[in-house]
Amino acid sequence: MRAWVRMPSGKRLDLLNPTPFDWDDSDLALGLARTYRWGGHSAWPLPLSVAQHSIAVMLLRRMASPTPLAPVVELRELLHDAEEGLLGFDAVSPIKPFLGEGFRALTRRLEQAVFLRYRLPAWTPAEHQLHKRADRLAAASEAVHVAGWSEQEVRTTLKIRSAVLAHDPLVDVYGCAPWEPWPPGLAAERFLEALEHLQRRIDEGDAA
């Protein structure tokens with residue numbers, strides 16, 4: 001069985017049997033910029049892309065670290081949802097168990113292809129815990145400032161046990177309007193810029 005997707009670059013990706021050579025960085029950036037969180041719902045005119053969320057998580061992880069993060073660690077944060085951009089689908093977390101083992105296997109294969117392509121180290125338990133802390137912080141804040149939930153609903157209805165940020169970490173880097181979702185083209189551009197910057201640092205042997 002095959003499930004082909006034609007990439008904007010002209011490459012083709014078999015979602016069921018992916019390899020690390022089936023997409024360009026620009027394909028991934030655009031895919032993440034056109035894949036939306038929160039089921040595509042938003043209190044803003046535009047939904048929030050996974051590309052914008054991924055940059056925010058990377059920045060939150062950086063801000064929480066007492067020492068500078070290695071570029072490969074930041075890259076792993078940036079790419080933590082990369083398989084969603086290749087698949088074009090970000091499932092709302094509570095429905096994932098209903099999608100079954102086949103869907104879990106598919107996303108694992110895509111994730112493995114991403115880790116191979118970008119030479120990412122496997123998560124250690126401690127590193128993954130730090131990642132999840134940043135990811136949950138982003139999710140709680142997005143729920144309030146982007147999706148329109150109240151802070152109480154985040155805790156009682158969504159069951160996200162994390163603080164809600166008042167300050168959008170993206171503002172300090174991009175000077176954007178706080179919490180406003182970016183248009184897909186801009187999200188893709190900024191994600192690709194961050195991806196290429198980190199890859200250059202890795203290639204140049206920057207350890208911190």
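1. A crossing of two helices is called left-handed if the near helix is turned anticlockwise from the far one by less than a right angle. In this predicted model, the crossing of H2 and H9 is left-handed.

2. The two helices concerned are H2, residues 50-64, and H9, residues 184-203. Their axes lie 9 Å apart and the packing angle is about 40°. That makes H2 oblique to H9.

3. On the H2 side, the contact is made by Ala51, Ser54, Ile55 and Met58. These meet Ala187, Arg190, Phe191 and Leu198 of H9. Sorted by class, the residues of this contact are six nonpolar, one polar and one charged.

4. The largest nonpolar core contains 36 residues. Those with the most contacts inside this core are Leu28, Leu78, Leu79, Tyr118 and Phe191. Two or more residues each come from helices H1 (25-33), H2, H3 (71-78), H4 (82-87), H5 (96-117) and H9. The most is given by H9, with seven residues.

5. Phe191 is named both in the contact of H9 with H2 and among the core residues with the most contacts. Leaving aside residues up to four places away in sequence, Phe191 touches Ala51, Ser54 and Ile55, and also Leu28, Ala29, Leu32, Leu78 and Leu79.

6. Another core, of seven residues, lies apart from the largest one. Ala140, Ala143, Val154 and Val164 are among its members.

Technical notes: Residues are numbered from 1 along each chain as its sequence is written. This is a predicted model: local features need pLDDT of at least 70, side-chain atom pairs count only at pLDDT 80 or more; totals for chains, interfaces and linings use all residues. Side-chain values use heavy atoms; hydrogens and water are left out. Axes are lines fitted to C-alpha atoms, for helices over the stretch in contact, and angles run from 0 to 180 degrees between N-to-C directions. Helices (H or I, at least four residues) and strands (E, at least two) are DSSP runs, numbered from the N terminus. Angles under 35 degrees count as roughly parallel, over 145 as roughly antiparallel, 65 to 115 as roughly perpendicular and the rest as oblique. Contact means heavy atoms within 4.5 Å. Ala, Val, Leu, Ile, Met, Phe, Trp, Tyr, Cys and Pro count as nonpolar, Asp, Glu, Lys and Arg as charged, and the others, Gly among them, as polar. A nonpolar core is a set of buried Ala, Val, Leu, Ile, Met, Phe, Trp, Tyr and Cys residues joined through side-chain atoms within 4.5 Å. Buried means under 20% relative accessible area, exposed over 50%, partly exposed in between (1.4 Å probe, protein chains only).
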